[in-house]
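The stops below are given in the order in which to select them.

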Amino acid sequence: MAAATAAAVATPEDEPVSIECLPEELLLHVFSLLPLEDLVCRAARVCVDWRRLAYDDSLWADAELRYTRDTQDDFVQVLLRAPSLRYLDYSGYTCDMPEPVAAALCSGVQRVRELYLQTTNKIDGAVIQRILLHFKDHLQTLTLFVNSNLATCTPKTTAQQGSDGEAAASSGGAAAQQSQDLEFLSVVGQLAALQTLVLKGAWRCLAKHADVGLGCPALCRLDISGLSTDFFDEHECPFFVALLRHKRALLQAVSLNGCYIHPSLLIEVSKLQALKSITTPLATLHVIEHIESLESLHIQGVGRGDGVTIMQEVAAFMATCPRFATIKELVLEDLSDYSNFMAPALAASCGSLETLIVSPGTWLDAHGLAELTRSLRSLRHLAVRGSTTLGLRHLQVLPRHVPGLQLLDVRGCFRGQGVPPRVLRRLRRGLPCLRVRCDPYRPSSSGAPDPGAHVFHASQVADDLSSTDPSSDEDDAKG
């Protein structure tokens with residue numbers, strides 16, 4: 001009798017456990033780990049409750065969707081059913097756009113904040129126009145890559161036009177179609193929410209067929225660094241001159257082409273009244289001299305001159321240009337060993353610098369690194385990625401010379417072996433608020449992670465050294 005009663009009264013622990021027992025918060029976390037295709041095409045079809053959770057706004061706020069031919073059907077299904085997307089990418093394909101994809105892009109999800117769209121002469125311009133208009137109320141960032149196949153028309157003189165009359169008559173249909181296809185670019189001016197416009201590829205005939213960006217009231221960031229160099233000639237440059245003049249009081253960030261910029265365009269860049277951030281090659285660095293609102297400077301080595309002469313000129317410019325005394329952020333990219341010429345001028349001029357980012361393509365020797373770390377006392381963020389010259393002794397002086405440092409990124413340094421735990425502990429004592437991003441620690445003797453050693457991950461918090469003994473590189477590596 002007692003056994004029968006015990007069997008009849010089952011406790012919760014005795015009941016079978018399934019995924020349906022999970023609270024919605026945990027199910028949402030599980031769903032957040034799924035690819036969007038699995039979320040829409042599989043999980044959402046299990047039951048009504050799963051369908052409701054699969055389309056919860058929290059799962060789609062930062063969702064990214066990229067097109068691949070292998071998953072084209074799933075891509076279309078996600079487009080048709082997704083409530084929103086942060087990033088949508090249709091790029092990297094030079095063939096025509098499949099009809100189901102075009103239809104889904106024109107009629108599916110509208111709440112897309114960032115769009116990367118590549119087009120060629122094989123894609124109907126009217127389709128691209130419908131796609132852009134479909135996203136016009138929500139799109140904040142647009143990257144347009146125009147393939148060179150679309151950009152073949154060039155201006156002709158009157159004599160050339162007359163001599164080519166018969167040829168034009170025979171091929172007029174194709175030329176008219178190409179001109180018509182280019183006209184879709186003017187629809188960019190109707191994107192009311194657009195804040196960032198990135199133009200890439202070859203944009204011939206742009207001035208005659210489009211007013212890209214002129215009508216965007218919220219446009220404040222313009223990136224033309226990926227445009228073909230033949231765009232910046234005497235025929236096409238007036239378009240961008242007009243755009244910069246129209247947005248003179250609005251543009252806050254500009255990225256310039258690294259190979260060639262027409263002088264008239266540089267003059268307009270220097271007149272931008274609200275510009276806070278600029279990306280420029282060394283050859284056009286002088287454009288910043290009159291930009292009083294500048295806060296962030298990104299210098300690229302692309303397009304630099306030859307030999308030591310230009311670096312001496314750049315160093316002299318840095319020493320005298322008042323902009324370097326007020327900028328808050330500096331990025332050095334692909335400067336090779338030219339950066340060693342710049343280090344003394346940067347150390348002496350950038351007294352207000354809070355963020356310094358040195359890319360792997362920028363080579364600073366030990367002396368240049370030491371000079372920078374000992375002079376830039378206002379630094380809050382320091383990133384030296386992939387450096388072969390950064391040593392532990394450079395980390396030692398950080399608490400003494402950069403007392404306000406909050407973020408240190410040394411990923412790829414120290415031959416990828418990470419920072420020894422002993423060094424991290426000293427950093428923690430010297431700079432209690434410092435966050436360090438570095439590779440997991442691997443002792444150099446074995447070349448593989450030590451199971452018994454502390455492994456530092458990028459998400460952990462670490463701090464700085466108090467010792468300045470030059471021999472500590474070897475001691476700390478052993479520790």
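This is a predicted model: local features need pLDDT of at least 70, side-chain atom pairs count only at pLDDT 80 or more; totals for chains, interfaces and linings use all residues.

Residues are numbered from 1 along each chain as its sequence is written, and side-chain values use heavy atoms, with hydrogens and water left out.

**Confidence.** Colour by pLDDT, the predictor's confidence in each residue, from 0 to 100. The protein averages 77, and 73% of the residues score at least 70. Next take residues 149-181, where pLDDT stays under 50 and the model has 29 contacts beyond four places in sequence.

**D89.** Select strand β2 (residues 85-90), which holds D89; strands are DSSP runs of E, at least two residues, and helices are runs of H or I, at least four, numbered from the N terminus. D89 is buried (under 20% relative accessible area; exposed is over 50%, partly exposed in between, with a 1.4 Å probe and protein chains only). Which side chain of opposite charge is nearest to D89? R66, 4.1 Å away, and D89 has no salt bridge (a side-chain nitrogen of Lys or Arg within 4 Å of a carboxyl oxygen of Asp or Glu). D89 also touches L65, Y67, F75 and Y116, among others.

**Two loops.** Go to D334, between β10 (329-333) and α16 (339-349). D334 has a positive phi of about 55° and is partly exposed at 35%. Finish at R415, between β13 (407-409) and α20 (421-430). Phi of R415 is near 55°, and R415 is exposed, at 70%.

Key: Contact means heavy atoms within 4.5 Å. Lys and Arg count as positive and Asp and Glu as negative; His and the chain ends are not counted.
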